[in-house]
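Hello,

Here is the structure we spoke about, for your own look.

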Amino acid sequence: MSRTFNVINPATGARVGAAPDASADDARAAIERSVAAFPLWKAKTAFERGDLLRRWRDRILQNEDALARLMTAEMGKPITESRGEVKYAAGFVDWYAEEGKRAYGDLIPTHAAGKRLLATRQPVGPVYAVTPWNFPSAMVTRKVAPALAAGCSVVLKPAEQSPLTAIRLAELWVEAGGPAEVFQVVTTSDPVAVSEPFFADARVRKLTFTGSTEVGKLLYAQAARTVKRVSLELGGHAPFLIFEDADIAHAVTQVMATKFRNAGQTCVCANRIYVHASIREAVVVQLAEAVRALRVGDPLDEATQIGPLVDRAGLDKVTAHVADAIAKGARAVVGGQAGQGLYFEPTLLVDVAAGMRILEEETFGPVAPIVSFTSEAEVIAAANDTPYGLAAYLWTRDLGRAFRVSEALDYGIVGVNDGLPATPHAPFGGVKASGVGREGGRWGLDEYLDVKYVSIALPA
Ligand code: SIN
């Protein structure tokens, strides 16, 4: 493959490097290799696969700094967060190296004396994985590690903005002794053309995708053509509920952690912050101070907390959400403007109300909108009044309320006094328009396994 496309640093506009620009024919060739590799990989024991995964984890951790710098250059994440992400990415590999050994089956109590009934679990087959730019390493290992542990071969197509990290991860897999055909990366500037052969080919048995709900719906429909297994981790619009009995200082630190991580470019970012009217003033004062103190700058600088947005489309969306809110009566207590290049000022909005875009759509930027409420029923209804259902957060010291509200929230993930609930061994995923299936923990392995029922009639 001789064609390439450029990867641009969003902080500087400089070229970071070039990635191979695959065509539909390249995709077909990758599928052939993946299909041929699958039975050989499936035939290995979970212990053999686990050994290779552990070696891959080691190579990832040995390359932590280089991978972190590459990610920061590709998509602008502050370097300290990139280092954290490499550890997070290695954590998925670590977990699945072991969890693959626990793909247990069942011996089902029989209904007939001469029969034995088994339910076993087998790898689904070759997988097509499509990953986003906002976590260029962790979203790769969150999919590839369980797929490989289960015995599937994988072809991965990373986002155009951050292909180099994915390429490096596949190189590290090979350096660790992993077969190259078992985990391949196809990079392209034309994802529609390159994805088509995967959807057309019935031998590709599974689609796993993380990205926007809009694109996820299109891929879901395409996967139906050959009735593939599907996992979709799509958009979020997370509500963050702060009740009147909350530890305000702790809630504020956690709003900062979940809202401003990766400049607000995560699917689980607090997108709407509902504060009980009786504590609204105190929360706004403390949040304003914290938002003002955020250090915006060169993401390679160790002190930087907020880098650029990934691209012009991302910046335009954030700018439009803030402009719409202000035009409809909201007020920027801090920030509110686009900065140089692809930067947007960390922003705190108050007097945010129903009818503003920011309360209806995922913003994916460093903007914290505050809405006040007066009753539990009112705030639960507002939190659930969205097509999305990925993550929600609630802050209270009342145990009864913690259970009541977390059960009432229509979300796949709920953080109770916890702004950063995601971890490799817990289930991650949403309901409604936020997706299908779960990643992480034993649930993540199930997504790559089919149940096979075997009924054995014993000779008389
Ligand atoms: C995401 O935003 O897609 C992933 C966030 C996480 O794993 O914490």
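Subject: cavities, ligand and pocket

The second largest cavity is lined by Gly-236, His-237, Ala-238, Lys-259, Gly-264, Thr-266, Cys-267, Cys-269, Asn-271, Glu-362 and Phe-364. By class, that lining divides into four nonpolar, five polar and two charged residues. The space in the second largest cavity is about 40 Å³. Please keep in mind that this is a predicted model.

The count of cavities of 30 Å³ or more comes to three. For the largest cavity the volume is about 100 Å³. It has 14 lining residues, and Phe-135, Met-139, Arg-142, Val-268 and Phe-428 are the closest to its centre. The lining of the largest cavity is made up of eight nonpolar, three polar and three charged residues.

Where does the ligand sit? It sits in the largest cavity. The residues around the ligand are Tyr-88, Asn-134, Phe-135, Met-139, Arg-142, Glu-233, Arg-261, Thr-266, Cys-267, Val-268, Ala-422 and Phe-428. Seven residues of this shell are nonpolar, two are polar and three are charged.

- Arg-142: an N or O atom of the side chain is 3.0 Å from an oxygen atom of the ligand.
- Arg-261: an N or O atom of the side chain is 2.9 Å from an oxygen atom of the ligand.
- Cys-267: here a backbone N or O atom is 2.7 Å from an oxygen atom of the ligand.

The ligand taken alone exposes 260 Å², and the protein buries 99% of that area.

The largest pocket is a separate entry in these notes. It holds about 1,200 Å³ of space. Its lining has 40 residues, and those nearest its centre are Phe-209, Gly-211, Ser-212, Glu-214 and Val-215. Two or more lining residues come from each of α7 (191–200), β8 (206–210), α8 (213–224) and α11 (312–327). Which element gives the largest share of the lining of the largest pocket? That is α8, with seven residues. By class, the lining of the largest pocket has 18 nonpolar, 13 polar and nine charged residues.

Regards

Definitions and conventions
Residues are numbered from 1 along each chain as its sequence is written. This is a predicted model: local features need pLDDT of at least 70, side-chain atom pairs count only at pLDDT 80 or more; totals for chains, interfaces and linings use all residues. Side-chain values use heavy atoms; hydrogens and water are left out. A residue is near a molecule or strand if one of its heavy atoms lies within 4 Å of it. A polar contact is a pair of N or O atoms within 3.5 Å; within protein, one must be able to donate a hydrogen and the other to accept it, and residues adjacent in sequence count only if both atoms are side-chain atoms. Accessible areas come from the Shrake-Rupley method with a 1.4 Å probe; for residues, only the protein chains shown count as cover. On a 1 Å grid over the protein atoms alone, a cavity is a set of points where a 1.4 Å probe fits but cannot get out, and a pocket is an open set with protein on both sides within 12 Å along at least five of seven lines; lining residues have an atom within 4 Å of a point. A molecule sits in a cavity or pocket if more than half of its atoms lie within 2 Å of its grid points. Ala, Val, Leu, Ile, Met, Phe, Trp, Tyr, Cys and Pro count as nonpolar, Asp, Glu, Lys and Arg as charged, and the others, Gly among them, as polar. Grid points are joined across faces, edges and corners, and a volume is the space filled by probe spheres set on the points. Helices (H or I, at least four residues) and strands (E, at least two) are DSSP runs, numbered from the N terminus.
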